[in-house]
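Please view the model alongside the text.

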Amino acid sequence: MADQELAAKLQKQMARNEGDENIQPCMKVFNPYTEFKEFSRKDIQSLEKTFKKYDFNNDKKLDLEELKFMMEKLQVPQTHLGLKDMIKQVDEDKDNKINFKEFLMIFRKAKNGELSKDSGLQQLYDQVMEIDVAEAGVKGAKSFFEAQALKQSFSNNFEREIREEQEEKRRMEDLKKKKRDEFIAKKSIFSTN
């Protein structure tokens, strides 16, 4: 049985090598940072955290029940038909679930004004992407729009965010080293020779 299976695989590979069989195209790798340039790295990381929080079965997709739970927790509950319609609006692969790329598409459509105000997807966007007053300030619309314009300069933001992440990692490593050195110093007090 195993010999037959191995022989079939070998035969199939030989046919591919000779060009007799259609070769399946390789899967395109999804990179949210390059595909969704309108969002900052922090926005995407925050959305990914939200997505994973409600992906209870860890299949990297939100099914109807997970979406229902998420909408209830965000205080914008939807009807069963409303939830199905929400999925249908962004479900590119037609599996009746929302993967992370499709989840980001919700926020792209909402940001571009492609969703109606009473849409469940628009309500989801409004709940998840609330304006951070500490970040944007309360100096009026001018300050808010200036902050938004700064966010739109993707390349600068992208590089800045990477530098900030690297700096944060360095600070954490320095803190660990400092704590380790303090521990060794305290340990030497108690060690007997």
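## A pair in helix H3

Lys52 is exposed, at 55% relative accessible area. Here buried means under 20% relative accessible area, exposed over 50%, and partly exposed in between (1.4 Å probe, protein chains only). Glu48 is partly exposed, at 27%.

Glu48 and Lys52 form a salt bridge, with their closest N and O atoms 3.6 Å apart. The term means a side-chain nitrogen of Lys or Arg within 4 Å of a carboxyl oxygen of Asp or Glu. Both residues belong to helix H3 (residues 41–54). They sit four residues apart, about one turn of the helix. Helices (H or I, at least four residues) are DSSP runs, numbered from the N terminus.

## Basis of the model

The model is predicted: local features need pLDDT of at least 70, side-chain atom pairs count only at pLDDT 80 or more, and totals for chains, interfaces and linings use all residues. Residues are numbered from 1 along each chain as its sequence is written, and side-chain values use heavy atoms, with hydrogens and water left out.

## Two pairs in helix H10

Helix H10 spans residues 154–190 and holds Glu167 and Arg170, three residues apart. Their side chains meet in a salt bridge at 3.2 Å, N to O. Glu167 is partly exposed at 34%. Arg170 is partly exposed at 42%.

Lys177 and Asp181 also lie in helix H10, four residues apart. Their salt bridge has its closest N and O atoms 3.4 Å apart. Lys177 is partly exposed at 45%, and Asp181 is partly exposed at 39%.

## Network and total

Glu35, Glu92 and Lys101 are linked in a network of salt bridges. The count comes to twelve salt bridges.
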